[in-house]
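Good morning, colleagues. Please look at the model on the screen while I take you through its interface, its helix pairs and its sheets.

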2 protein chains.
Amino acid sequence: MTKHPDTTPEDHTSHEVRLQDALQRGVLDGDRAGVSAMLEGMHPADASDLLEQLSSDAFEAAVELLGDALPSDVLIELRDEYREDAVEALPDEAVVEVLDELDSDDATAVLEDLDATRRERILEELEPADRAALEAHLVHDEDTAGRLMQREFLAAPEFWTVGHTIDHARENAADLPDDFYEVYVVDPKNHALGYVLLSQLLRVARDTRLADIMEAFHSDISVEMDQEEVAYQFQKYSLASAPVKDAEGRLVGMITVDDMVHVIQEENTEDLLALSNVSSADGSDTVWESVRARAPWLSINLVTAFIASGIIALFESTLDQIVQLAILMPVVAALAGNAGSQGLAVTVRAIAEREMDGNAQRRALIREALTGIVHGVLFAVGVGLVSLLWFRDGPLALVLGAAMFASFVWAGIAGIAVPLALRKAGADPAVASSVFVLTLTDIIAFFSFLGLATLVLL
Amino acid sequence: MTKHPDTTPEDHTSHEVRLQDALQRGVLDGDRAGVSAMLEGMHPADASDLLEQLSSDAFEAAVELLGDALPSDVLIELRDEYREDAVEALPDEAVVEVLDELDSDDATAVLEDLDATRRERILEELEPADRAALEAHLVHDEDTAGRLMQREFLAAPEFWTVGHTIDHARENAADLPDDFYEVYVVDPKNHALGYVLLSQLLRVARDTRLADIMEAFHSDISVEMDQEEVAYQFQKYSLASAPVKDAEGRLVGMITVDDMVHVIQEENTEDLLALSNVSSADGSDTVWESVRARAPWLSINLVTAFIASGIIALFESTLDQIVQLAILMPVVAALAGNAGSQGLAVTVRAIAEREMDGNAQRRALIREALTGIVHGVLFAVGVGLVSLLWFRDGPLALVLGAAMFASFVWAGIAGIAVPLALRKAGADPAVASSVFVLTLTDIIAFFSFLGLATLVLL
């Protein structure tokens, strides 16, 4: 929770509510100057948050009211869905102006929101050089380093001195990116040789040569690299920014850590939702978007649930004779399903954090199998005892315990084997694995419990 | 996956395996100089990765072999569990040396690994000034800004010029943090007034006054602030670093984005594991650690599963008369449980991304209830039709459909209401909510299906 030394949470909330009301009123009154002044007085991230709090009608009205007075840095801070809606509601001239003002990576994000004809029309309105730069950017696939990078960065030849580099930055201030953390040292063919942190540049004498203080790169990022791998390198080497090279190894762009934080958050969210069988989710989703993101998985689950029912149906006559089996059956399925989900979550996390390579994979498989056995013994005894106290039926308790044991061991193995198999097949280990694991576990649970009951109790 | 333009993934893997073999051999042969040279030739993050690949015995042997030749920047890159083991295996003198070399936030992390007596003993070995600084750090609670910050940063009074600031940095190079991205402008009482990005400092004339180019802070971080809130501010305002102030508003430290990336990853991992009823997980976990992190949740689930069984037992005589109910019962529970998990994951994600405040919460509640109704209609018809085709029993299909509808609506509401209620009660909305949601859903599923069947079919 937010903790402010000088304000209680209530103050904070009521302040926000007042701002929201003021914005809403301004939009309803058509007070263009007032709304624009209000947004410009705030950090772009706060202004975009405030806009997102509006109802979707009021949001659209606000964008239409503002037109080219909607600050481009507010637009780019909006969450994807809102940005798309805003770009749609803006007139062409306003979009052109926005593209002019943004760094190349952000401008590309806006261009992506446009349909092909409108994009073409708007690109024609831009200066030829800007247009060419943006088109070069769009060549790269989405979710690659080429798309995430910006083309603005500071590079210098290795024979430059610190003083020369600083003077150069002063003279070319307008061409530099808004913010950057390091100078790239390049050879005449524009290959990056190393980097000098700005905090390093500051603390050495002006006549120091860049070649003498530059450090070797640890990151190794090319335009076609997937954003997940880029984010991994940022995390691993604690980077604030990193250079991007083209297929010939030439320096063509720079990626900064703020974009990577976004990617890390995105990848984490994807895993969390995928494990719960949701394709995508956002706070602004409509009912229709929610249904579309979830119903397909429920439909698959409908099929798998009836498969599990089919297993139960095999033992219809057993159930007919011993009604206690119907009462206890869900216990086996629920516990084993829970154990399978646990192993699955642990495995998906370990894969995401690259803890599942080589030896580590074998070690984890053994650990999960053994954990399944330990849990199997513990909970076989547990459920066996509870059912013994409840139904006073020794053989039934034994059958329940044995089925519980088998299901736990199976769940332990399925929880790790299914995501690893999906990864091996080139699929996302988080997507679909929970349906697989839970279905397999249900089948084993019902089959072992009812099967054993048929053999032992009848 | 890693994509290297010049090496195939196989090359990459076999290179790693060769390195691992070389390290293992070096450790077994007791080749201190060789192992040490090998690790020092790599980036600390790569060296620590390599050490973590060793079996736990070999890892300990490596640490003991290296002693004070284990580079402190490799030690600090190790994952928590490994770092703890390494610190334990190192002699006191080596730990003292490590503490000397590290920045204050990292040194504190190492100190935390020590038990109280050893920590006291080692603190006594340090220079009094270093000791006082570290003790001041340990005053702050874990997971707060005060613990995460480093005390090294660059601050300057507002009347200084750019030239003066750079000269100052050159003269005091040794006292500056290894890497930093901005200069804090302070008043005589050491209150931070604003900041100047290094990339800004570089591009303006030497005689520019800091007061004229400094920007106002958007972040607002005090020593006692929870790390989750700090990470939120970093994400929201795309920060590379931010100042930390004490209770009197004085500048006392700086937090950098690499630590926040770690926190973001940690918080995400916690949510993902909590939703699957796992307390904690790491690639290096033993079977015992796995059991400890999961068995308590399974035990709770054992109780809740028997509660659901108790509901079924209420309808024993109904089940005795219509065995098809036992066959279809799990379908209702499985589908409704899945729907509940979906809503739960969506809600936990929205809470984590601060999309659940004020109006947004009410909107989300309505959306989830409506989504439950839509899914309820769709899947009531779906399961009804399948069961009709299967059992050719109209009333049974109607009862199944009606129970499915009720369970879906309930699951939709529980999926959002349970985590929101937990948050309101001051608890973590991800922890325990899936046990609650699934149990409630099971109970409603069994009760509505068997209850309706008793009323309609008997």
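Let me begin with a convention: axes are lines fitted to C-alpha atoms, for helices over the stretch in contact, and angles run from 0 to 180 degrees between N-to-C directions. Helices (H or I, at least four residues) and strands (E, at least two) are DSSP runs, numbered from the N terminus. This is a predicted model, in which local features need pLDDT of at least 70 and side-chain atom pairs count only at pLDDT 80 or more, while totals for chains, interfaces and linings use all residues. Residues are numbered from 1 along each chain as its sequence is written, and chains are lettered from A and ligands numbered from 1 in the order in which they are written.

Helix α20 (residues 359-391) of chain B and helix α21 (residues 394-424) of chain B have axes that come within 7 Å and cross at roughly 155°. α20(B) and α21(B) are therefore roughly antiparallel (the term for angles over 145 degrees). The crossing of α20(B) past α21(B) is right-handed, that is, the near helix is turned clockwise from the far one by less than a right angle. Their contact comprises 24 nonpolar, 11 polar and one charged residues. Here Ala, Val, Leu, Ile, Met, Phe, Trp, Tyr, Cys and Pro count as nonpolar, Asp, Glu, Lys and Arg as charged, and the others, Gly among them, as polar.

I turn now to the interface. How many residues does each chain bring to the contact? Chain A supplies 100 residues and chain B 101 residues, where two residues are in contact if their C-beta atoms, placed from the backbone, lie within 7 Å. On the side of chain A that touches chain B, helix α19 (residues 324-352) of chain A gives the most, with 17 residues. That side of chain A divides into 59 nonpolar, 25 polar and 16 charged residues.

One helix pair spans the two chains. The axes of helix α17 (residues 287-314) of chain A and helix α19 (residues 324-352) of chain B come within 9 Å, crossing at roughly 155°. α17(A) and α19(B) are therefore roughly antiparallel to each other, and α17(A) passes α19(B) in a right-handed crossing. Among the residues that meet there are L298(A), L302(A) and F306(A) in α17(A), and L328(B), V331(B) and L335(B) in α19(B). By class, this contact has 15 nonpolar, four polar and one charged residues.

Finally, the sheets. In chain A, an open sheet of three strands has the order β4-β5-β6, with mixed pairing; strands pair if DSSP finds at least two bridges between them. The edge strands of chain A here are β4 (221-222) and β6 (251-256), each pairing on one side only. Strand β5 (residues 241-245) of chain A runs antiparallel to β6(A), joined by five bridges, and A242(A) has I255(A) as its bridge partner in β6(A). Helix α16 (residues 257-275) of chain A packs on this sheet, touching β5 and β6 of chain A, and its direction makes about 65° with that of β6(A).

Elsewhere in chain A, β2(A) and β3(A) form a hairpin with five residues between them, and N190(A) in the turn has a positive phi of about 70°.

Technical notes
Parallel < 35°, antiparallel > 145°, perpendicular 65-115°, else oblique.
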